[in-house]
Amino acid sequence: MAIEETPPEGTDLDWEVQAILAFHDDDAKAAIETLLLDCKYLRHQLALAESVLSRGITRGWSPKYERDV
């Protein structure tokens, strides 16, 4: 399945899912594994950033590790 290089105007989640699956040759397990590893990496980066930012810079903001559903 051919996927466009750039998403169309008003990109929806379905396009992104198709792009991820196409990148992994329609191997859903490999796509999920990559996404979970990305989440783990980004949470680690967020924790590092939180540890070096002062409360004054962020004006009391603190990161959330879980998204609101």
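A residue is called buried when its relative accessible area is under 20%, exposed when that area is over 50%, and partly exposed in between, as found with a 1.4 Å probe on protein chains only.

What you have open is a predicted model, in which local features need pLDDT of at least 70 and side-chain atom pairs count only at pLDDT 80 or more, while totals for chains, interfaces and linings use all residues. Residues are numbered from 1 along each chain as its sequence is written, and side-chain values use heavy atoms, with hydrogens and water left out.

**Select the whole chain.** The protein chain holds 3 helices and 0 strands, where helices (H or I, at least four residues) and strands (E, at least two) are DSSP runs numbered from the N terminus. Of its 69 residues, 7% are buried.

**Colour by confidence.** The pLDDT, which is the predictor's confidence in each residue on a scale from 0 to 100, averages 81 over the protein chain, and 75% of the residues score at least 70.

D25 belongs to the loop between α1 and α2, and its phi is near 55°, a positive value in a residue other than glycine. D26 is also placed in the loop between α1 and α2, and although it is not a glycine, its phi is positive at about 60°. Are D26 and D27 buried, exposed or partly exposed? D26 counts as exposed at 53% relative accessibility, whereas D27, at 38%, counts as partly exposed.

Together with D25, D26 and D27, E33 forms a patch of negative charge on the surface. Such a patch joins like charges within 9 Å, taken from residues with over 30% relative accessible area and no salt bridge, a salt bridge being a side-chain nitrogen of Lys or Arg within 4 Å of a carboxyl oxygen of Asp or Glu. Asp and Glu count as negative, and the place of the charge is taken as CG of Asp or CD of Glu.

**Finish at S62.** This residue is found in the segment after α3 (55-58), and S62 is partly exposed, with a relative accessible area of 33%. Now select E50 as well: the C-alpha atoms of S62 and E50 are separated by 7.3 Å, while the two residues are 12 residues apart along the chain.

Notes
Patch = residues over 30% accessible without salt bridge, like charges linked within 9 Å, V, L, I, M, F, W, Y side chains within 5 Å. Areas by Shrake-Rupley, 256 points an atom, 1.4 Å probe, with all protein chains shown as cover.
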